[in-house]
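Please view the sequence and the model first; the notes then follow by topic.

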Amino acid sequence: MRIYNKEIIKKIKEIREFIYITLAEHQDYSKYALRYTFHIFFTNFPNKTLGSASINKSNAIIYLDYSLLSDETMLKNVVKHELAHILSDVEGHSERFRSICRELGTDEEFCFSKLKRAKTASDKIKKLLALSS
């Protein structure tokens, strides 16, 4: 069971609404709003992953890294990237996946697999502390 504070709960609701609006804006994909219940979770990925998506029967699950909370533009692009995985029904970053990313209005750099998150202030401090030891 995950426990989130009020701000995270509010952000999850906003993201879910953003997903349904995005789907409604694209007639080819609007049926997915009825097909799936979207579940959003925040986590700390151990590597530099920003998000992941999976489908389990009628549930579409999107995991997002907490670091995205500090950058709304990046957050929306990662959500669209993960949504494209769900819509393309393909693992990986095929041409079909990239095409759907573009249709959803995802910034081009987010249509590929290896976008690394920017180093946060916390990451920089940890690196400096490690160097000073």
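A residue is called buried when its relative accessible area is under 20%. By that cut-off, 14 of the 17 residues of helix 3 are buried, so this helix is largely enclosed by the rest of the structure. The model is a predicted one, and its protein chain contains 5 helices and 3 strands.

**Overall architecture**

- Along the sequence, the elements of the protein chain follow the pattern α-α-β-β-β-α-α-α.
- The protein chain has 133 residues, of which 38% count as buried.
- Where contacts in the protein chain join residues at least 6 apart in sequence, 46% of them link residues at least 24 apart.

- The 3 strands form an open sheet with the order 1-3-2 and mixed pairing.
- Strand 1 (37–43) and strand 2 (51–56) are the edge strands, each of them pairing on one side only.
- On average, neighbouring strands of this sheet are turned by 20 degrees against each other, direction ignored.
- Strand 3 (residues 59–65) pairs with strand 2 in the antiparallel sense, over 6 bridges.
- Ala 53 has Ile 62, in strand 3, as its bridge partner.

**Helices against the sheet**

- Helix 3 packs on the sheet, where it touches strand 1, strand 2 and strand 3.
- The direction of helix 3 makes about 35 degrees with that of strand 2.
- Helix 1 (residues 6–24) lies across strand 1 and strand 3.
- Relative to strand 1, helix 1 runs at about 140 degrees.

**Helix 3 in detail**

- Helix 3 covers residues 72–88, which amounts to 17 residues.
- From its first C-alpha to its last, helix 3 reaches 24 Å, close to the 24 Å expected at 1.5 Å a residue.
- An α-helix has 3.6 residues a turn, so residues three or four places apart point the same way.
- At the start of helix 3, a side-chain oxygen of Asp 71 comes to within 3.2 Å of the backbone nitrogen of Thr 73.
- After helix 3 comes Asp 89, which has a positive phi, near 55 degrees.

Methods: Residues are numbered from 1 along each chain as its sequence is written. This is a predicted model: local features need pLDDT of at least 70, side-chain atom pairs count only at pLDDT 80 or more; totals for chains, interfaces and linings use all residues. Side-chain values use heavy atoms; hydrogens and water are left out. Helices (H or I, at least four residues) and strands (E, at least two) are DSSP runs, numbered from the N terminus. The expected span of a helix is 1.5 Å times one less than its number of residues. Buried means under 20% relative accessible area, exposed over 50%, partly exposed in between (1.4 Å probe, protein chains only). A polar contact is a pair of N or O atoms within 3.5 Å; within protein, one must be able to donate a hydrogen and the other to accept it, and residues adjacent in sequence count only if both atoms are side-chain atoms. Contact means heavy atoms within 4.5 Å. Two strands pair if DSSP finds at least two bridges between them. Axes are lines fitted to C-alpha atoms, for helices over the stretch in contact, and angles run from 0 to 180 degrees between N-to-C directions.
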